[in-house]
Amino acid sequence: MNQNFKDFIRNYSDKKVAVAVSGGVDSVCLMSWLAELHINAIVLHVNHGLRKNADIETQYVQDLAKSLGMESHVFYWTGDKPSTGLEAAARNARYKLMTDYCHANGIDTIFVAHQADDQIETFLMNLGRGSGIYGLSAMKRETIRDGIKIVRPLLNTPRVEIKKYCDDNNIRYFCDEMNDDDHYTRVKIRQNRHFLNDKLGISDARLMLAIENLGRLRDSLDENIGQLVDGVCHRNYAMFSDTFLFDLDMDIRLKFIGMLIQKIGGDNYQPRLKSLSGALDKLSGDCKFTLGHCTIRRLKSKILIVPEGQKTTFRKRHEKTNI
């Protein structure tokens with residue numbers, strides 16, 4: 001267990017939290033470290049019913065939690081499964097089951113086991129897509145989903161350290177066969193990432209430093225853009241002039257409209273960059289369209305965003321001016 005993890009976890013030493021445990025090496029290590037530090041953590045495990053060993057893994061997580069003196073709860077993803085987008089649907093179902101439990105039991109924080117290698121792989125995947133600062137700054141240490149804080153305590157801990165801890169302490173874990181399927185971009189990156197260091201001298205430590213620097217810039221932008229968003233939001237709608245939107249730099253403009261849509265529409269994520277770019281194109285003239293569970297309308301020099309299904313009249317709405 002490294003000192004960075006201990007220092008971070010100290011912030012949660014007096015809180016009741018939940019920890020998501022799949023049975024893989026990362027989450028098994030996380031729950032073991034939490035137990036070692038006597039953190040009041042409840043183990044949450046979701047059985048998606050998609051793998052042949054799912055029930056075996058579920059029983060193992062329950063048994064390991066019991067041996068560590070930790071309470072555990074198991075959830076089952078039931079009902080029809082989609083034929084496309086199964087991975088995303090399973091992830092959404094997993095978070096929904098866990099956040100619903102937390103709301104019902106007075107828990108406001110869930111620990112998840114994303115670690116440093118996941119962070120670097122996400123950075124390289126987004127680099128390959130030509131992402132901007134928000135993609136290249138990869139995952140945040142803390143985010144909010146469905147009103148619950150999602151925390152990643154292992155984000156600076158490399159996979160090799162995690163695996164060594166479990167192996168040295170004879171802690172069993174399960175391996176997901178998808179981790180070796182090179183049809184997935186992430187797996188291709190994982191299998192070939194060593195060439196960056198071996199051939200170019202770009203170490204994981206340097207990649208993490210770049211991600212952290214980009215993350216600080218992202219956080220600063222978020223804070224400032226968030227103030228702009230608060231300045232135009234009024235209860236459950238936003239209204240502002242076209243000059244206010246189009247005088248902003250393009251990157252800030254995209255994030256600004258994305259934050260507004262997320263806040264008013266209530267989604268966990270902002271619309272994709274392509275959708276936001278399309279929205280800005282439409283807003284160059286009078287228009288009315290929906291995006292992210294919002295209806296967006298421009299009439300002359302005014303732009304209005306309301307939850308989808310609400311009226312888009314400009315009458316009796318007063319634009320906020322404290323920006």
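Predicted model: local features only at pLDDT ≥ 70, side-chain atom pairs only at ≥ 80, totals over all residues.
User: OK, where is the closest cysteine sulfur to Cys29?
Analyst: In Cys166, with 4.7 Å between the two sulfurs. A disulfide needs them within 2.5 Å, so that gap is too far for a bond.

User: And what about Cys175, how far is its sulfur from the closest one?
Analyst: The closest sulfur is again in Cys166, at 11 Å from that of Cys175, so a bond is ruled out there too because the distance is too far.

User: Are those cysteines buried or exposed? Start with Cys29.
Analyst: Cys29 is buried, at 0% relative accessibility. Cys175 is exposed, with a relative accessible area of 61%.

User: Switching to salt bridges. How many turn up in the whole structure?
Analyst: The search finds 18 salt bridges. One of them joins the side chains of Arg193 and Asp117, at 2.9 Å from N to O.

User: Where do those two sit in the chain?
Analyst: Arg193 is in the loop between helix 8 and helix 9 (194-200), while Asp117 is in helix 5 (residues 116-128). They are 76 residues apart, so the pair links distant parts of the chain. Both Arg193 and Asp117 are buried.

User: Which residue does Glu121 bridge to at 3.0 Å?
Analyst: That's Arg190, with 3.0 Å between the closest N and O atoms. Glu121 belongs to helix 5 and Arg190 to helix 8, so this bridge ties together parts that are 69 residues apart in sequence.

User: What's the N to O distance between Glu121 and Arg193?
Analyst: 3.7 Å, and their side chains meet in a salt bridge. That pair also links distant parts of the chain, with Glu121 in helix 5 and Arg193 in the loop between helix 8 and helix 9, 72 residues apart. Glu121 and Arg193 are both buried.

User: Rings next. How many aromatic pairs are there?
Analyst: Seven in the whole structure. Among them, Trp33 and Tyr165 pair edge-to-face, with 5.5 Å centre to centre and 80° between the planes. Trp33 is in helix 2 (residues 25-36) and Tyr165 in helix 7 (residues 159-168), 132 residues apart. Trp33 and Tyr165 are buried.

User: Which residues form a cluster with Trp33?
Analyst: Phe5 and Tyr165 form one aromatic cluster with Trp33.

User: What about Tyr60 and Phe174, how do their rings meet?
Analyst: The ring centres are 5.6 Å apart and the planes are at 70°, so the pair is edge-to-face. Tyr60 lies in helix 3 (residues 54-67) and Phe174 in the loop between helix 7 and helix 8 (185-192), so parts 114 residues apart in sequence are tied together. Both Tyr60 and Phe174 are buried.

User: Which residue lies over the face of Tyr60?
Analyst: Arg172, at 5.2 Å from the ring centre. There's also Lys255, which lies over the face of Tyr134 at 4.0 Å from the ring centre.

User: Now helix 13. Which residues there are buried?
Analyst: In helix 13 (residues 273-282), Leu276, Ala279 and Leu280 are buried. Seen down the axis, the buried residues fall within an arc of 100°, so they line one face of the helix. Lys274 and Asp281, on the other side of helix 13, are exposed.

User: What covers the buried residues of helix 13?
Analyst: The cover includes helix 11 (242-246), helix 12 (250-265) and strand 9 (287-291).

User: Last one: where is Val229, and what does it touch?
Analyst: Val229 is in helix 10 (residues 204-232). Val229 is buried, with a relative accessible area of 4%. Leaving out residues up to four places away in sequence, Val229 touches Phe256, Met259, Leu260 and Lys263.

Notes. Residues numbered from 1 in each chain as written. Heavy atoms only, no water. Phe/Tyr/Trp six-rings, centres within 6.5 Å; stacked < 30°, edge-to-face > 60°. Helix = DSSP H or I, 4+ residues; strand = E, 2+ residues; numbered from the N terminus. Buried < 20%, exposed > 50% of the residue type's maximum accessible area, 1.4 Å probe, protein only. Lys NZ or Arg CZ within 6 Å of the ring centre and 35° of its normal. Salt bridge = Lys/Arg side-chain N within 4 Å of Asp/Glu carboxyl O. Arc of directions from axis to C-beta. Contact = heavy atoms within 4.5 Å.
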